[in-house]
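Please consult the sequence and the structure while working through each solution.

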Amino acid sequence: DDLAPWRQGRGLLKARLGGWAPRDRDLRGLQLKYCSLRQAQLHGADLRGANLSLSNLSGADLRDVRFDDADLEGANLSGADLRGAVFTRAALSATRFFRPRNGEPARVAQVQGADFRACRGLMDEQRQVLIAAGAMLDE
């Protein structure tokens with residue numbers, strides 16, 4: 001498993017992985033902190049238990065990704081495609097799902113059908129944006 005060194009310990013810090021399209025979709029437990037994953041092609045990946053804190057996943061294809069128990073605190077998911085993704089018990093404090101732009105429409109993540117039930121750390125503003133965009137959340 002060539003990803004084994006990044007599944008434990010410090011993992012990768014500040015790596016530039018923009019547009020990354022891994023062949024192996026089993027990415028469980030990866031430690032990719034403060035990394036640039038802009039436009040990454042991770043459709044259908046298994047990122048359960050991964051640590052993507054402070055990483056930039058803006059514009060990434062994250063459809064049907066499993067983020068159960070993942071740490072996405074402070075991550076940027078603006079403009080990402082999260083349709084069908086599952087975030088059960090994921091840590092989402094300070095995670096950004098939209099980014100306002102000066103004079104331009106905000107880049108809002110696509111979240112139709114994404115499951116945010118039982119996730120942790122969502123702020124009221126985040127919850128409102130996600131619900132309005134079609135995500136599933138706890139009452």
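A residue is called buried under 20% relative accessible area, exposed over 50%, and partly exposed in between. The model examined here is predicted.

**Exercise 1.** State which residues are joined with Asp26 into one network of salt bridges, and examine the pair Asp26 and Arg28.

Solution. Salt bridges with shared partners link Asp26, Arg28, Asp46 and Arg48 into one network. Within the pair Asp26 and Arg28, the closest N and O atoms are 2.7 Å apart. Asp26, at 25% relative accessibility, is partly exposed. Arg28 is partly exposed as well, with a value of 39%. In the model as a whole, the count comes to nine salt bridges.

**Exercise 2.** Classify the two partners of the salt bridge between Asp61 and Arg63 by accessibility.

Solution. The closest N and O atoms of Asp61 and Arg63 are 2.6 Å apart. Asp61 has a relative accessible area of 13%, so it is buried. Arg63 reaches 27% and is therefore partly exposed.

**Exercise 3.** Locate Asp81 and identify the residue whose side chain it contacts.

Solution. Asp81 lies in the loop between β2 and β3. With a relative accessible area of 10%, Asp81 is buried. Its side chain makes a polar contact of 2.5 Å with the side chain of Arg83.

**Exercise 4.** Describe the backbone angle phi at Lys14 and at Ala118.

Solution. Most residues other than glycine have a negative phi. Lys14, although not a glycine, has a positive phi of about 60°. Lys14 is in the loop between β1 (12-13) and β2, and its relative accessible area of 60% makes it exposed. Ala118 likewise has a positive phi, near 65°. Ala118 is found in the loop between β4 (104-108) and α1 (124-132), and at 36% relative accessibility it counts as partly exposed.

Technical notes. Residues are numbered from 1 along each chain as its sequence is written. This is a predicted model: local features need pLDDT of at least 70, side-chain atom pairs count only at pLDDT 80 or more; totals for chains, interfaces and linings use all residues. Side-chain values use heavy atoms; hydrogens and water are left out. Helices (H or I, at least four residues) and strands (E, at least two) are DSSP runs, numbered from the N terminus. Buried means under 20% relative accessible area, exposed over 50%, partly exposed in between (1.4 Å probe, protein chains only). A polar contact is a pair of N or O atoms within 3.5 Å; within protein, one must be able to donate a hydrogen and the other to accept it, and residues adjacent in sequence count only if both atoms are side-chain atoms. A salt bridge is a side-chain nitrogen of Lys or Arg within 4 Å of a carboxyl oxygen of Asp or Glu.
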